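My entries follow in the order in which I checked things.

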Amino acid sequence: MTVEAPLLLSDDPLAPTPSRRLKLGISPRGVAIGAVVAVVAAVAGLAVPSIVNDLYWMGILVNGLLLAFMSLSVGFMAKHLGLISLGQTAFFGGSAYLVCIATSSWEWSPYQAVAFAILGTTAMALAMGVLVVRATGIGFMMLTLAMGQAIYQVVIQEWARDTTGSFDGVAANIGDQTFLGMGVSDLLDPTVFWNLGWIVLVAVTYLLWVAGRSRFGVILEGTRENTERMRFSGYNTFLPRLAAFVFSGFVAAVGGALYGLNSGYVSPELLNFLKAGDGIIAAIVGGLGVLLGPFVGAFLYVYAQAEFNNSGNLYLYTGIASVLVLVFLPGGIVGTISTLSRRLWSSRTGRKPQA
Amino acid sequence: MSLFRATSVSVRYGQLRALENVDIALEPGVVHGVIGPNGAGKSTFVDALSGRTRLTSGNVEFDGADITHRSVRWRRKAGISRSFQKTSVFNSMTVSQQLELVAHRNHERDLDGIVDALSLGPVMDRVCSEVAYGTQRSVDLAMALIGNPRVVLLDEPCAGLVHDESVNMLQHVRDLCRERGVGALLVEHDVDGVFRTCDVITVLNLGTVLCHGTPDEVRKDDAVIKAYLGSAA
């Protein structure tokens, strides 16, 4: 497709209709501009450890970063398929488990382990997706919940102890090997690990952004909004949904592999429904309607959890804070900010905001 | 050989006979009207021909090939499209986005032609849920016409339109079908509109064909007058 200047909107009905070329989705120029923004964000983020300069707070930030993969994967499906998955732990936790199992039991190198964890979990997302993406609404939620809990139940079985460690979990064993120049102590150190995690997180966010704005994203939007019309327009309505599900699983898998490297240990809590709840609440609090909602939400959520935990009443305060956000900022925190700024912009320029 | 032919089409829902042995044949450039009182089976008929509803018996042929069991997607790709009685558009997208979405899949080269014919130019950049209802009906029709379909099945394109809009809409339908050589099936509640627009008319009543012929023949048919048109004819 060719790059085109944006068409000017004219309110004059007598103005000649400008000649239109098909331009479904984002232009190559838009993709390039997004890439520049992503690179700038990635580089800027590398300054965080020297600005924060505190091990405790860096630990919190790394936790937020890892949770962001999960909430982004929940948010992508919510935004583009209109579906909430309660089972993203299967991919996040599954991938983290595979990293730990592969490096310890099978004595694979960390590179092999990470590649295997991401590919294996994504393949699992494909198999599960075939079964669940036809479902809608509550059905989808129940199926993903069942899937996630099934993985949890398998992992804690006594007969699986040799592989999964049952309730004890598994420790990674990287020994004196390195991953991208980082040894075990570097991976555990949040000030060092941050750089890797941040760059990957920005890259994944950029990929999600491009996917959402591409032709693929427009097709997903059409399918979400009017599946029947899409079929009657000649579109396959199954494959795009499946692709979105698998992509979302991939994002969670990447986060899970990073988690495995960073913590060096996994336990069944990682696969539990409560963990899925963290990702979902973070995504909703940040805002499901905007890409950066789940991203920012994850950091806010982890920060709030740390504060609430100090008070000794973690879940009570988490609940109250979530309710307050949902009642007073129904679009989530980032969603509300983006709506307000758009309104401000339109009142200053006197133009209707583009939807 | 007809472009599109349905033979002995029957649709039953349990004991309810929605359609019984209905035949129809569509020819290129001909607008074929289907009228009938409420419950005559008009919408079921469009659903059956478009692949939305399964036939209990009978078959559908397109270009000489049996397509009775072909999917909705297959039919659209082969050149059979439909519009909807209950407006079926993409509410949150702009008009141009959704037309481009459909055009992309169906390899339409002359989207401007359709946009101009249906006077959608001024609303192209508006979000569909914000444009007038009558315009949404035009968007629905436009999506059915994209990609040079050879057969279009129109399910009450004038539903909910006021008289002037209705006259305009049917005018568009007739012109577009003639210009493009499309075989059109026009199911419509507005009887006067159908008499004005169509070249051939089939009258349905209680799921069966009551009468079939040119507008003049149908207008004079005793059974039609008795069952449907009443004193208005």
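I began with the sheet in chain B, where six strands form an open, mixed sheet in the order β6-β7-β8-β3-β9-β10; strands here are DSSP runs (E, at least two residues) numbered from the N terminus, and two of them pair if DSSP finds at least two bridges between them. The edges are β6 (80-82) and β10 (208-213) of chain B, each of which pairs on one side only. I noted that neighbouring strands of this sheet are turned by 15 degrees against each other on average, direction ignored, with axes being lines fitted to C-alpha atoms.

This is a predicted model, in which local features need pLDDT of at least 70 and side-chain atom pairs count only at pLDDT 80 or more, while totals for chains, interfaces and linings use all residues. Residues are numbered from 1 along each chain as its sequence is written, and chains are lettered from A and ligands numbered from 1 in the order in which they are written.

I recorded that the C-alpha trace of chain A spans about 75 × 45 × 40 Å along its principal axes. Of the 355 residues of chain A, 43% count as buried, that is, with 20 or more other C-beta atoms, placed from the backbone, within 10 Å of their own.

Conventions:
A residue is buried if 20 or more other C-beta atoms lie within 10 Å of its own, exposed if 12 or fewer, and partly exposed in between; C-beta atoms are placed from the backbone. Helices (H or I, at least four residues) and strands (E, at least two) are DSSP runs, numbered from the N terminus. Axes are lines fitted to C-alpha atoms, for helices over the stretch in contact, and angles run from 0 to 180 degrees between N-to-C directions.
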